[in-house]
Amino acid sequence: MADYVGMSAQLVGNALRFGWYSGVHWLMDRESARLGATPRYKPVRPMPSREELLADLRRLLLTDAALVRDGIVPPDDAGPGGIGDHLGRIRAMLADLPGSIGRRESEETRTAEVLADPTGLPSYFTQDFHFQTGGYLSSDSARLYDVQVETLFHGSAGAMRRAALWPISEFMRTRDQRRMSLLDVACGTGRLLRQVRLAYPAMRLTGLDLSTAYLAEADRHLGRLRPVTWLAANAEAIPLPDSSQDLVTSVFLFHELPPDVRRIVAGEMARVLKPGGRLVFVDSVQMGDKPGWDGMIEAFPVRFHEPYYRHYAIDDLSALFKGVGLSPVSSEIAFMSKIMSFEMPIGAARGTA
Ligand SMILES: C[S@@+](CC[C@H](N)C(=O)[O-])C[C@H]1O[C@@H](n2cnc3c(N)ncnc32)[C@H](O)[C@@H]1O
């Protein structure tokens with residue numbers, strides 16, 4: 001039976017999140033101006049109108065609520081940690097603003113590796129992504145990451161991430177979750193894995209990330225839910241056997257990888273997929289996906305330290321995944337993200353990057 005009560009709760013929750021984070025976004029902009037940040041870059045390419053943005057966001061939130069109506073996932077409870085914990089994170093994000101603006105203004109992008117030991121980590125990874133203090137290397141950064149991303153997307157990041165459940169639930173329709181395994185590559189703070197765990201309590205879940213600080217936050221976020229196996233490892237060399245996973249997911253990773261590394265990681269994801277298994281990929285929309293929005297794609301890496309985003313925005317993802325032996329299954333746009341799914345054909349040669 002359709003769960004219209006749950007669906008309404010999800011819609012109300014998402015509307016409240018949008019209102020709250022829009023307020024925080026406004027506050028961050030005001031504080032940035034007060035602290036002397038350079039005014040926003042004005043892109044040459046076209047920008048969507050406010051009405052277009054809101055219409056697209058509404059579409060995303062309605063589809064997100066349909067996941068609850070159809071019983072795939074319960075309404076988003078935002079995880080453990082109450083309002084006090086949340087407000088503490090917002091306060092810490094505001095307190096961090098002078099530091100991140102200072103780095104943006106002086107174009108400093110290598111401070112994280114001074115604060116934390118970067119030994120053994122690839123140099124593309126130890127940069128100050130988003131100009132955030134500590135890059136991906138500190139627990140303070142792990143604590144702030146989600147409120148920063150939600151503020152950027154006016155509270156819609158969770159819904160964009162949960163869109164991965166559209167192709168996952170389609171794949172799971174004919175399968176027994178007790179026999180299924182899923183690996184989330186670059187799981188970060190575990191926001192997707194919590195949703196997958198709520199949707200499929202019996203599935204075998206593994207989260208891999210190169211940041212031990214982010215994995216610790218992910219473990220905290222899963223709370224008392226059935227445990228996930230955490231792997232502190234490089235996605236370029238996934239420490240799992242060939243053909244061991246039914247599902248592999250990757251959310252908001254590829255735009256942060258150099259082009260050659262993107263291909264190596266895709267090869268690794270293909271290698272660990274079982275024949276007939278699915279890769280579900282979520283990342284930013286690319287140039288031309290919505291031509292009227294290309295200005296946003298142009299502006300994003302100017303405002304935030306995203307050294308590989310410009311190349312990501314024009315990379316041929318279909319060819320990239322085809323090159324490692326995967327066949328396309330679906331591709332959809334969800335507000336500012338695209339969700340693509342691929343299958344490892346039965347009997348195909350694997351992981352040939
Ligand atoms: C933008 S965050 C996305 C995190 C998460 N998937 C999400 O939905 O928010 C990028 C993540 O990729 C991780 N990462 C970057 N390069 C990596 C690599 N080579 N191997 C494993 N993790 C990596 C970072 O530590 C960070 O957690």
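The model is predicted; local features are reported at pLDDT of at least 70 and side-chain atom pairs at pLDDT 80 or more, whereas totals for chains, interfaces and linings use all residues. Residues are numbered from 1 along each chain as its sequence is written.

The secondary structure consists of 13 helices and seven strands, taken as DSSP runs numbered from the N terminus (helices H or I, at least four residues; strands E, at least two). The C-alpha trace spans about 60 × 50 × 40 Å along its principal axes. Of the 353 residues, 43% are buried, that is, 20 or more other C-beta atoms, placed from the backbone, lie within 10 Å of their own. Contacts require C-beta atoms, placed from the backbone, within 7 Å. Among contacts between residues at least 6 apart in sequence, 75% join residues at least 24 apart.

Helix α1 (residues 4–34) meets two other helices. Its axis comes within 8 Å of that of helix α2 (residues 50–69), and the two cross at roughly 145 degrees; axes are lines fitted to C-alpha atoms over the stretch in contact, and angles run from 0 to 180 degrees between N-to-C directions. The crossing of α1 and α2 is right-handed, meaning that the near helix is turned clockwise from the far one by less than a right angle. Y4, G6, M7, Q10, L11 and N14 of α1 make this contact with L61, D64, A65, V68 and R69 of α2. The axes of α1 and helix α3 (residues 83–106) come within 10 Å and cross at roughly 35 degrees, again in a right-handed crossing. Here V24, M28, E31 and S32 of α1 meet I90, L94, L97 and I101 of α3.

In helix α9 (residues 212–222), the buried residues are A213, Y214, L215, E217, A218, H221 and L222. These residues pack against α5 (139–152), α8 (191–199), β2 (204–209) and β3 (229–232). Just after α9, G223 has a positive phi of about 55 degrees.

The ligand is surrounded by 19 residues, of which A186, G188, L210, S211 and A235 are the closest; a residue is included if its C-beta atom, placed from the backbone, lies within 6 Å of the molecule.

How values were computed. Contact = placed C-beta atoms within 7 Å. Buried ≥ 20, exposed ≤ 12 C-beta atoms within 10 Å, placed from the backbone.
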